[in-house]
Amino acid sequence: MIKILFVCYGNICRSPMAEFVMKDMAKKNGMADSLYIASAATSTEEIGNGVHYGTRGKLSEYGISTEGKKAVQLQKSDYDKYNYIIGMDSMNMRHMKRMLPEDKEDKIHLLLDFTDNPRDIADPWYTGDFDTTYNDILEGCTALMKIIGMENN
């Protein structure tokens, strides 16, 4: 089983959006049983809080639910649990590498580094633009799904 952990600052906007987009893709591609997908925060600010209403609203447009998701923090032990630990922007990467200082297995990546157009995913908490965030996450998850599909074959 391939295990993926998406990470952002608060675990209420981008990383849960990526988690549930990827879960939806896995289900539609018949890979739900071969992938374990979760998300976490680098900060403690939102721990225990539900998914941001903007993320919930955007995903509901595509019939994707975030029911039951509560923000959790990235733990040092997550490095051994996951094959991929994927941040949303360069600030997340700095925090992830501080929290998980030794990436000997090259598990830590930015989501859009899997695409032909590597870049940060803007935080809709600040921009208010959940459409662009969704499109960027969809692009990154699609690219990641192709890579994982190849690994599974």
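Student: Which residues in α1 are buried?

Tutor: Bear in mind that this is a predicted model. In α1, the buried residues are Arg14, Ser15, Pro16, Met17, Ala18, Glu19, Phe20, Val21, Met22, Asp24, Met25 and Ala26. That makes 12 of the 15 residues of the helix, so α1 is largely enclosed by the rest of the structure. "Buried" here means under 20% relative accessible area.

The geometry of the helix is quickly told. From its first C-alpha to its last, α1 reaches 21 Å, close to the 21 Å expected for its 15 residues at 1.5 Å a residue. After α1 comes Gly30, which has a positive phi near 70°.

Now for what the helix sits against. Helix α1 covers residues 14-28 and lies across β1 (2-8) and β2, and its direction makes about 170° with that of β2. Those two strands belong to an open sheet of four strands with parallel pairing, in the order β2-β1-β3-β4. The edge positions go to β2 (35-41) and β4 (108-110); each has a single partner strand, so one side of each is left without a neighbour in the sheet. From one strand to the next, the twist averages 25°.

Let's move across the sheet from β1. Four bridges join β1 to β3, and the two run parallel. Val7 is the residue that stands opposite Gly87 in β3. On the β4 side, three bridges link β3 (residues 84-87) to β4, again running parallel. Gly87 turns up here as well, with Leu110 as its bridge partner in β4, while Ile86 stands opposite His109 of that strand. Another helix joins in at this point: α4 (residues 90-99) packs on the sheet and touches β1, β3 and β4, with its direction at about 170° to that of β4.

What about the two faces of β3? In a regular strand, side chains alternate between the two faces of the sheet. Both faces of β3 are covered, with Tyr84 and Ile86 buried on one side and Ile85 and Gly87 buried on the other.

One more spot is worth a look, in the loop between β2 and α2 (53-60), where His52 is found. His52 has 11% relative accessibility, so this residue counts as buried. Beyond its neighbours within four places in sequence, His52 is in contact with Ile12, Cys13, Trp125 and Phe130.

Zooming out, the protein chain has six helices and four strands, which follow the pattern β-α-β-α-α-β-α-β-α-α along the sequence. Its radius of gyration is 14 Å, close to the 15 Å that the globule rule gives for 153 residues, so the chain is as compact as a globular protein of that length. Along the principal axes, the C-alpha atoms fill a box of roughly 35 × 35 × 30 Å. Of the 153 residues, 53% count as buried. Among contacts with a separation of 6 or more, 75% come from residues 24 or more positions apart. As for the surface, the chain exposes about 7,600 Å², and carbon and sulfur atoms supply 48% of that area.

Terms used
Residues numbered from 1 in each chain as written. Predicted model: local features only at pLDDT ≥ 70, side-chain atom pairs only at ≥ 80, totals over all residues. Heavy atoms only, no water. Pairing = 2+ DSSP bridges. Axes fitted to C-alpha atoms, helices over the stretch in contact; angles between N-to-C directions. Contact = heavy atoms within 4.5 Å. Rg over C-alpha atoms; globule rule 2.2 N^0.38 Å. Buried < 20%, exposed > 50% of the residue type's maximum accessible area, 1.4 Å probe, protein only. Areas by Shrake-Rupley, 256 points an atom, 1.4 Å probe, with all protein chains shown as cover. Expected span 1.5 Å × (residues − 1).
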